[in-house]
Amino acid sequence: MNIRIRNWLQSRGNALPPEKQLSPEAVISLIIHSTFQFGASMSGVFLNLYLWRLTHSVVVNGTYSMIVYILTPIGFALGGWMIKKKDRMVSYRLGIMLVGLFYLSVIIAQERLVEYYVLFAIFNGLAAAFYWVGYLTLMYDVSTEQNRIRYLAFNMIFFTVATLAGPALAGFIIRLKDGLSGYTIVFGIAFVMFLLAALISLKIKASSGHHRVYYLKLTGLIMKKERAWLKALLGFFGIGLLQGTMLFLPNILLFKVMPREDIVGYLGVLYSSLSIVTGIFISKYANASKARFYLIISTAGYLVGVSLLLGSINVWSVVGFMILYSIFSPLQGNTMTGYYYGLIAKLPLKGELKVESVVVREFFLNVGRVISIICLITFGSDLDGGLIPWILMLASLTQIALVWTIKNR
């Protein structure tokens, strides 16, 4: 399968100029991330539903996610230090292994997960952070200014394919089994996928000549000097205001109105398919000069989707909302990520601040996520109370501010 993916990607690039073609390491990074994401999508979506089945509490789910997002920037800072002192692959592989151990511990704990959900959230936040800081740094290293938009589009396509297949298979398995035993099988398969991703990662060699000075404490001064960078970081804060609730709430809403895990998984296939279509469009037609236009379009899509929930929260309104979100979220994410990576090369030291940039970006993103979850727990913990659509509407309205945080090239 990995050889087929590599050959397909290479054949797609043969007609392109050499500077736009993906390097072998770029292709391998896509394969690793797809493998990892397949396991993560199987387990991550249903971890929230697992907690919901055990507690039926938005507060518990929200608190769990909030702890994860609080710990993630700390993990990013530690992972960034590892990258500067050792190599990006050290943090990357450690993250893969720790995420695998996390789901192994979930299998062992089973229903007792609820008793120790705070500790599990801390473990999950740190483990995922080590993976993502390594991968985001690797994404910058294996792509260039000439092929970055194309690389990010392929990354999103393969990421979404994995996200498409994982929940569908997980939902099918859970439906076949009685009680909560299906969840244990799903978490076990995820553990195997993480182990496979760790083995494939050995094909990427350590980088040579990486800078060993960690400039994280100087990023505040750089923000004052580089206003464009600070504005982009505020843009990721804005994204976090919507993402915080969107990373766990929709599946809980859908499960409430349609209490079947397999339906949740199959609808995940639909959402992911739409994101793939968006990714293909971006890879073929996206132009960095139209970044502001893409952000306006994505915000409009969010607002139309949330408006469906204002009447009532039912199967059709939740599904309709998620369809529109799945179409426009990749457009927003790719636009902001591509723009941000372009800024990194223009910062002082000519790209040597890539690790620090990834760490600081994650801090702003997760502050936004935590704030949104606090609002949800405070005002929308009652799923029947009617405030959730208005919370989502307010978060969606903030996305229009992203247009101000970037400048067209």
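The model is predicted. Its salt bridges number seven. One of them joins Asp141 to Lys354. Asp141 lies in helix α5, and α5 packs against helix α6.

- The side chains of Asp141 and Lys354 form a salt bridge, with N and O 2.5 Å apart.
- This pair links distant parts of the chain, 213 residues apart.
- Asp141 sits in α5, residues 117-142, and Lys354 in helix α14, residues 354-379.
- A network of salt bridges links Asp141 and Lys354 with Glu25 and Arg88.

**Salt bridges of Glu362**
- Glu362 pairs with Arg361, the closest N and O atoms lying 3.3 Å apart.
- Glu362 also forms a salt bridge with Arg369, where the closest N and O atoms are 3.7 Å apart.
- Arg361 and Glu362 are both buried.
- Arg369 is buried as well.

**Packing of α5 on α6**
- Helix α6 spans residues 148-176.
- The axes of α5 and α6 are 10 Å apart and meet at an angle of about 140 degrees.
- The two helices are therefore oblique to each other.
- From α5, the contact uses Trp132, Tyr135, Met139, Tyr140 and Val142.
- From α6, Arg148, Tyr151, Leu152, Asn155 and Phe159 take part.
- By class, the contact has eight nonpolar residues, one polar and one charged.

Conventions:
Residues numbered from 1 in each chain as written. Predicted model: local features only at pLDDT ≥ 70, side-chain atom pairs only at ≥ 80, totals over all residues. Heavy atoms only, no water. Salt bridge = Lys/Arg side-chain N within 4 Å of Asp/Glu carboxyl O. Helix = DSSP H or I, 4+ residues; strand = E, 2+ residues; numbered from the N terminus. Buried < 20%, exposed > 50% of the residue type's maximum accessible area, 1.4 Å probe, protein only. Axes fitted to C-alpha atoms, helices over the stretch in contact; angles between N-to-C directions. Parallel < 35°, antiparallel > 145°, perpendicular 65-115°, else oblique. Contact = heavy atoms within 4.5 Å. Nonpolar A, V, L, I, M, F, W, Y, C, P; charged D, E, K, R; others polar.
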